[in-house]
Amino acid sequence: MVGAHAAQPMDFQLWDTLLKRHVTDGHVDYPGLQVDPQFSSLVKALANVQIDQYDTTTRLAFYINAY
């Protein structure tokens, strides 16, 4: 952990919103997801996470959720 404050895990609300928008009856609309501007925002947010500030358990959860 870096600094005096504990790192906050990434908020996956945007991912939840994208799933609700692009998954129907277990089927993913991959083409629609790919062109959704919010998907690009999610990818950028994931790329900017400073993962080294998290403990091992939080890091693992982040990688599982990001995958």
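**Exercises: salt bridges and a histidine**

Arg21 counts as partly exposed, at 44% relative accessibility. The model is predicted.

**Exercise 1.** Find how many salt bridges the structure holds, and name the partners.

*Solution.*
Step 1. The structure holds two salt bridges.
Step 2. One joins the side chains of Asp16 and Lys20, at 3.1 Å from N to O.
Step 3. The other joins the side chains of Asp36 and Arg21, at 2.7 Å from N to O.
Step 4. Asp36 lies in the loop between α2 (30–35) and α3 (37–47), while Arg21 sits in helix α1; this pair is 15 residues apart and links distant parts of the chain.

**Exercise 2.** Work out where Asp16 and Lys20 sit relative to each other in helix α1.

*Solution.*
Step 1. Helix α1 covers residues 13–22.
Step 2. Asp16 and Lys20 are four residues apart in this helix, so about one helical turn separates them.
Step 3. Asp16 is partly exposed, with a relative accessible area of 30%.
Step 4. Lys20 is exposed, at 63% relative accessibility.

**Exercise 3.** Classify Asp36: buried or exposed?

*Solution.*
Step 1. The cut-off for buried is under 20% relative accessible area.
Step 2. Asp36 has 8% relative accessibility, so Asp36 counts as buried.

**Exercise 4.** Describe the surroundings of His22.

*Solution.*
Step 1. His22 belongs to helix α1.
Step 2. Its relative accessible area is 9%, so His22 is buried.
Step 3. Set aside neighbours within four places in sequence; His22 then contacts His27, Val28, Asp29, Gly32, Leu33 and Asp36.
Step 4. With Asp36, the His22 side chain makes a polar contact, side chain to side chain, at 2.8 Å.

How values were computed
Residues are numbered from 1 along each chain as its sequence is written. This is a predicted model: local features need pLDDT of at least 70, side-chain atom pairs count only at pLDDT 80 or more; totals for chains, interfaces and linings use all residues. Side-chain values use heavy atoms; hydrogens and water are left out. A salt bridge is a side-chain nitrogen of Lys or Arg within 4 Å of a carboxyl oxygen of Asp or Glu. Helices (H or I, at least four residues) and strands (E, at least two) are DSSP runs, numbered from the N terminus. Buried means under 20% relative accessible area, exposed over 50%, partly exposed in between (1.4 Å probe, protein chains only). A polar contact is a pair of N or O atoms within 3.5 Å; within protein, one must be able to donate a hydrogen and the other to accept it, and residues adjacent in sequence count only if both atoms are side-chain atoms. Contact means heavy atoms within 4.5 Å.
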